[in-house]
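Okay, hi everyone, thanks for making the time. Let me put the model up and then walk you through a few bits of it.

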Amino acid sequence: MTLTSYYAGIDIGSTMTKAVILNKKIIASIIGPTGPEQRRLANKVMEEALNKAAISFQTITYIVSTGYGRINVPFADKQFTEITCHAKGIISLFPKAKTVIDIGGQDIKAIKIDTTGKTTDFVMNDKCAAGSGRFIEVIADTLGVSLDKVGDLSLQSKNPAKISNICTIWAQQEVAASLAQGMPISDLLAGVHQSLADRICRMVNRLRVEEAVIVTGGGAKNRGLLKALSEQLGHEILVPEEPLITGALGAALLGREIVEKAKQNNTPLKTKERILEEIEIL
Amino acid sequence: MSDKQSNIFNTVENYYKDYGLRAKELKKEGKKIIGYICSFVPLEIISASGCIPFRVRGNIHEPITKGDTLLETIVCPYYRSCFDLSVKQTYDFLSGMVIPHGCDSMVRSYSAWSYSLPYSYFHFINIPTVCGESSSEFFDAELNTFRRSLEKFAGKAITNDDLARTIRIYNENRDKVRALYEFRKADPPRISGTELTMALTVGSSLPIGEFNTLLDQFLAEIGRRKKSPLKKGPRIFIDGACLDNIELIKLVEELGGNVVADTICNGARDYFPKTDVGGDPIDALAHRYLDKINCPKTYRENKTGTFEGDIASRFNDIGAYAKEFKVDGAILYVYKYCDPFGFEVPARKAYYQSIHVPLLHLEDVYSAGTISQLRTRIQAFLEMIG
């Protein structure tokens, strides 16, 4: 007989893999890069999270996978899109949230949510990944600045550059050319953040943006981007303590809801056998 | 599954995969096959001439290569794909090609088709962009020109009796398609969207008589079905242009949605309106093709003076289908660079809001390469409305 029920959420994004294990509250969360390995080895990520939580796989009542790689998690009992999961995760942290902007590695999503954390509308960038986290990575690399420094460095700028290209490759060339002409790195980074915020705003404003506005994903760790985004949106922006795990958190919470609903309705719970194996996709 | 069932489903799948298979056989028998594009070509006139109309189809799995050396990329990818396959000799069994003024791309590229392809017959049909008395008169004359041009090519007079006969056969065909749609009303529907759109896509590659026989068998088989091929799920409406590759519909159904109605060109837009019988056949055809086909290419005057009134009159067919087929949500699927639909997106969005049907707007490039991106959007939409 189990006394405590555990729920796991695993979010395999294009760049980062996240996992959360919770019962009444979060008991373990892990974040790591999605290499070719993680895409295939969701079991390793799960093992790591289990070790951290110091529980066995058998004690997990329900597992939900999400994110770009959600279909590559063979042991997940159910999969939901990251849109549904972010909405659920955010409402548990910010009960007044109405708009969520997730700035991920290769895509950006804006989600409108109701008070229960259900999605009411959403938009996503399509076809082109300019404006996502990858854009900043490329620019940071061009400028020789480490990714975790770009935000703070850009805040030192008094005269942000104008970056006119939207395409990542051309913007990279534009930045390289301006750098060669002696433009300060902080100005270039501030310009890049403004251009990025502009692109995000154009997409987000297709929805009716209402406060509280929460930003999640890797982009939420960049203070320069948040400042530019807040200014252009004309709204205050709130950020979760750990903005990377809200998708995995939402996934685990959705799992808990499914289990509770099944208990209430007295319906059997369909779960997979608890076997951790790597899958063969290559 | 009984053997018979697998037979008719296999036939449809074979014709779908090897699109033009039957047309090639008919060509060998000496028949003249006339290619066309768009729902505005009056097929009744082609069939009355003794030629066989054949809807030219694109292929989302085939990258557009040779076609792009002859057409600019401002043309929508669906149309470019149709052209690309044609210049790659996919449809060399055709004897001719008819292109209507279905959109600006069709007008501007008409000459490219006629220069680049080895067919012996080409004809352009000028479709008025507005509906009104003068348009009807003009379109009558235009259809008579088409009739004479086909008579010359086929070496056979097209009499009013010939037209009355083909009008009757095409109306029968539309009744059968409507009957097929009736099976979508059950929950879950007795026929999947994938099956239905595949069958209709295949039909446009067959002579109308054979299409009708195929529909009879298909209807009988679906009628005998004890159980739906789908599980209960959100009932989805597909709004858009020609969806001649079933991948999108298949994806929606894989993700648990049931596609139950549409406005697409190889669906309700084309198959629901019937031609009036009894009067002058050319008048009746002009009326059907110009007034009854509800396509964004046609400008319809706003008689109400308000935006709300305008969208209500332009899109009331959507509202009617949404009610009739008990739709839970709609997907507006628009090809990039499709001007007629592109211009209408904001008005269509407003209309869906006014009838309280949740909408997912997808813009796509007519390529199988975008399927995984579409997957996340569609799945999230189904999670949202489910």
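So, how many residues of domain 1 of chain A are in contact with domain 2 of chain A? Keep in mind that this is a predicted model. The count is 7 residues of domain 1, and they touch 10 residues of domain 2. On the domain 1 side, those residues are 2 nonpolar and 5 polar, with no charged ones. As for the domains themselves, the assignment for chain A puts domain 1 at 6-84 + 245-265 and domain 2 at 98-238. Their centres, over C-alpha atoms, sit 27 Å apart.

Now, between the chains. Here 10 residues of chain B are in contact with 9 residues of chain A. On the chain B side, helix α16, residues 371-385, gives the most, with 7 residues. By class, that side of chain B has 3 nonpolar, 4 polar and 3 charged residues.

Last thing: helix α6 of chain B, residues 133-154. At 1.5 Å a residue, its 22 residues should span 32 Å, and the end C-alpha atoms are 32 Å apart, so that agrees. Which residues in α6(B) are buried? They are F139(B), E142(B), L143(B), F146(B), R147(B) and L150(B). These cover an arc of only 150° around the axis, so they're on the same side of α6(B). That buried set packs against α3 (43-48), β4 (121-125) and α12 (281-292) of chain B. Turned away from the buried side, you'll find the exposed E133(B), S134(B), R148(B) and K152(B).

Note on methods:
Residues are numbered from 1 along each chain as its sequence is written. Chains are lettered from A and ligands numbered from 1 in the order in which they are written. This is a predicted model: local features need pLDDT of at least 70, side-chain atom pairs count only at pLDDT 80 or more; totals for chains, interfaces and linings use all residues. Domain bounds come from an automatic or database domain assignment. Two residues are in contact if their C-beta atoms, placed from the backbone, lie within 7 Å. Ala, Val, Leu, Ile, Met, Phe, Trp, Tyr, Cys and Pro count as nonpolar, Asp, Glu, Lys and Arg as charged, and the others, Gly among them, as polar. Helices (H or I, at least four residues) and strands (E, at least two) are DSSP runs, numbered from the N terminus. The expected span of a helix is 1.5 Å times one less than its number of residues. A residue is buried if 20 or more other C-beta atoms lie within 10 Å of its own, exposed if 12 or fewer, and partly exposed in between; C-beta atoms are placed from the backbone. The arc is that of the directions from the helix axis to the C-beta atoms.
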